[in-house]
Amino acid sequence: MSILKIILVVLEALFALNLLIFVHELGHFLAARWRGMKVERFAIWFGKPIWSAKINGVEYALGWIPAGGYVSLPQMATMEAIEGKSESSAEQLPNASPLDKIIVAFAGPLFSFLLAIAFAVVVWQVGKPVSVADDKPTLGWVVPDGPAWKAGLRPGDTIVSIDDRPVKAFGPPTQESITWRVITSENTNLAIKYLRDGKEVLTHVTPFKRANKWYERRALRQILVGPFQPALIYDVASNSPAAAAGLKRGDEIVAINGEKIFSFAAYDHAQDSQTNPTAAPVTFTIRRGTEHFDRSLLAEKPLTPTNQPPSFGILSWQGNTNKTLIYPGPWEQIEASAGQIFATVGAVFSKKTDIGVQQLGGAVMIIRVYKNLFENENGWRLVLWFSVLLNVNLAMLNLLPLPVLDGGHITLSLIEVVRRRPVSPKLLNYIQSGFAVLLIGFMLFIAFFDTGDWIRSSRAERDQPIVFAPKK
């Protein structure tokens, strides 16, 4: 991808994220104006402004920390750590009633929720692209000598349940997936029911956790299995053993050494075994249209990269390009988004799972997801769908009763109703500013891991091309 294209896609992602922030803060702004409250600043992003302009007594600003936004309202709990010192203290202004404060605080999540509904209605009309092939809970690959393999699971087995909880897919976003059931399980050994040749079998698997470096997110539990993924060849290196054998784009590897395969991971395993100097040729059964034939290949060490191990020369695999559009109803989308958020928050705060705040994503992750979606052929439809989830997330999390968040403002207003007098502005400033610093620190903490993941992924995508010596 060209540099200009990358810049354009990143700008599109930034625009999509900032639209969500803008609409949320617009809710606070309009509600404050409606209730006659003073508005000092409308800011997108936190920190010292890198751009600002004052219009009709309101400063509009863009901060330097790309993580949210705020509307500065001195008659509510201020946050000097984020907003800076107010030009007018709360004592100089008429008191805002608790009802006014609740309305203003609630307006932000309300606008986010309304934007989610608007996006959901559009998705309902234009459709969401999904793969025609079901994400079925059939194992495409089981790592030899891994936890699942030792428990008797093999490629081609279909998982029915994990710990008596039904399984209907291999991976997210559904919570009824193998991946989600494994990482959220609270048991030392997983009770897994699976189907093989029509017979239901029960086994127990002890999950595995890889070691991770200090700069990586904490590893989650795995049983070392992979999804069903047909080994459809997309790209073959020139002069490679695969090219010499006549393999080409569109061919499908259906068996290796006479054993049926369910994923291209089986090819990778066969290729890895070729590092042995005495390795024998591997026989691949190929399907090309209605024709089946065998080819025996011996891996060859390429000229470059010099550290590349022996390879058969298949560079990439063809994903499922057979897409269709589905038209989920608006409430169905909202309900699914809320369910995912509840499940994620529950898993994060559970003391019996390995999921923690490290696994959450922030602004960098959101921009990365938007960037990847925009690069897709049906990117704009996927962006609309993801925006539904993100706006529901923004609305719900902001209603948590924590200082700095909108739910915290509502809680403080309810306390004011009970006490029949507002909390001391000075005390409020200390509480809000303290939690604001913690919030910014948490965002930077998450951004550290998000950025590291993005950098490592980009490096992997820029691997040096494999070049084989010309055949005589």
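Biologist: Where is the place of P305?

Modeller: In this predicted model, P305 sits in the loop between strand 16 (291-297) and strand 17 (314-317).

Biologist: What makes the peptide bond from T304 to P305 cis?

Modeller: Its omega is near -5 degrees, and the bond is accordingly assigned as cis. As a rule, most peptide bonds are trans.

Biologist: P309 lies in that loop between strand 16 and strand 17 as well. Why does P309 count as partly exposed?

Modeller: The relative accessibility of P309 is 38%. Partly exposed residues fall between the buried limit of under 20% and the exposed limit of over 50%, so P309, at 38%, counts as partly exposed.

Biologist: Which residues is P309 in contact with, leaving aside its neighbours within four places in sequence?

Modeller: They are T275, K301 and P302. For a sense of distance, the C-alpha atoms of P309 and L110 are 56 Å apart, and the two residues are 199 residues apart in sequence.

Biologist: What is noted about the phi of L224?

Modeller: The phi of L224 is near 60 degrees, a positive value in a residue other than glycine. Most residues other than glycine have a negative phi. L224 is placed in the loop between strand 10 (199-205) and strand 11 (225-227). With a relative accessible area of 22%, L224 is partly exposed, because buried requires a value under 20%.

Biologist: Where is N239 found, and what is its phi near?

Modeller: N239 is in the loop between strand 12 (231-236) and helix 6 (241-244). Its phi is near 65 degrees, again a positive value in a residue other than glycine. The relative accessible area of N239 is 31%, and N239 is therefore partly exposed.

Biologist: Why does N391 count as buried?

Modeller: The limit for buried is under 20% relative accessible area. N391 has 0% relative accessibility, so N391 counts as buried. This residue is found in helix 10. Not counting residues up to four places away in sequence, N391 touches L20, S112, L115, A116 and F119.

Biologist: Which residues in helix 8 meet helix 10?

Modeller: Q333, I334, S337, A338, Q340, I341, F342 and V345 in helix 8 do so, and their partners in helix 10 are V388, L389, V392, N393, M396 and L397.

Biologist: Why is helix 1 called oblique to helix 3?

Modeller: Their axes cross at roughly 135 degrees and come within 7 Å. Roughly antiparallel would require an angle over 145 degrees, and roughly perpendicular one of 65 to 115. The pair is therefore oblique. Its crossing is right-handed.

Biologist: How many nonpolar, polar and charged residues has the contact of helix 1 with helix 3?

Modeller: There are 16 nonpolar, five polar and no charged residues. The helix 1 side includes L19, L20, V23 and W34, and the helix 3 side includes I103, V104, F111 and F119.

Biologist: Which residues touch the most other members of the largest nonpolar core?

Modeller: Of the 43 residues in this core, they are V39, L73, V104, Y370 and F386. Helix 1 (3-34), strand 1 (41-46), helix 3 (98-126), helix 8, helix 9 (363-374) and helix 10 each supply at least two residues. Helix 1 gives the largest share, nine residues. Not counting residues up to four places away in sequence, V39 touches F29, A32, R33, G57, V58, V71, S72 and L73. Another core, of 23 residues, lies apart from the largest one, with A231, A242, I256 and I286 among its members. In soluble globular proteins, nonpolar side chains tend to be buried together.

Biologist: Which residues in helix 7 are buried, and what do the buried residues pack against?

Modeller: In helix 7 (residues 265-272), the buried residues are A265, A266, Y267, A270 and Q271. The buried residues of this helix pack against strand 6 (139-142), strand 13 (252-256), strand 15 (282-288) and strand 17.

Notes: Residues are numbered from 1 along each chain as its sequence is written. This is a predicted model: local features need pLDDT of at least 70, side-chain atom pairs count only at pLDDT 80 or more; totals for chains, interfaces and linings use all residues. Side-chain values use heavy atoms; hydrogens and water are left out. Contact means heavy atoms within 4.5 Å. Helices (H or I, at least four residues) and strands (E, at least two) are DSSP runs, numbered from the N terminus. A nonpolar core is a set of buried Ala, Val, Leu, Ile, Met, Phe, Trp, Tyr and Cys residues joined through side-chain atoms within 4.5 Å. Buried means under 20% relative accessible area, exposed over 50%, partly exposed in between (1.4 Å probe, protein chains only). Axes are lines fitted to C-alpha atoms, for helices over the stretch in contact, and angles run from 0 to 180 degrees between N-to-C directions. Angles under 35 degrees count as roughly parallel, over 145 as roughly antiparallel, 65 to 115 as roughly perpendicular and the rest as oblique. A crossing is left-handed if the near helix is turned anticlockwise from the far one by less than a right angle, and right-handed if clockwise. Ala, Val, Leu, Ile, Met, Phe, Trp, Tyr, Cys and Pro count as nonpolar, Asp, Glu, Lys and Arg as charged, and the others, Gly among them, as polar.
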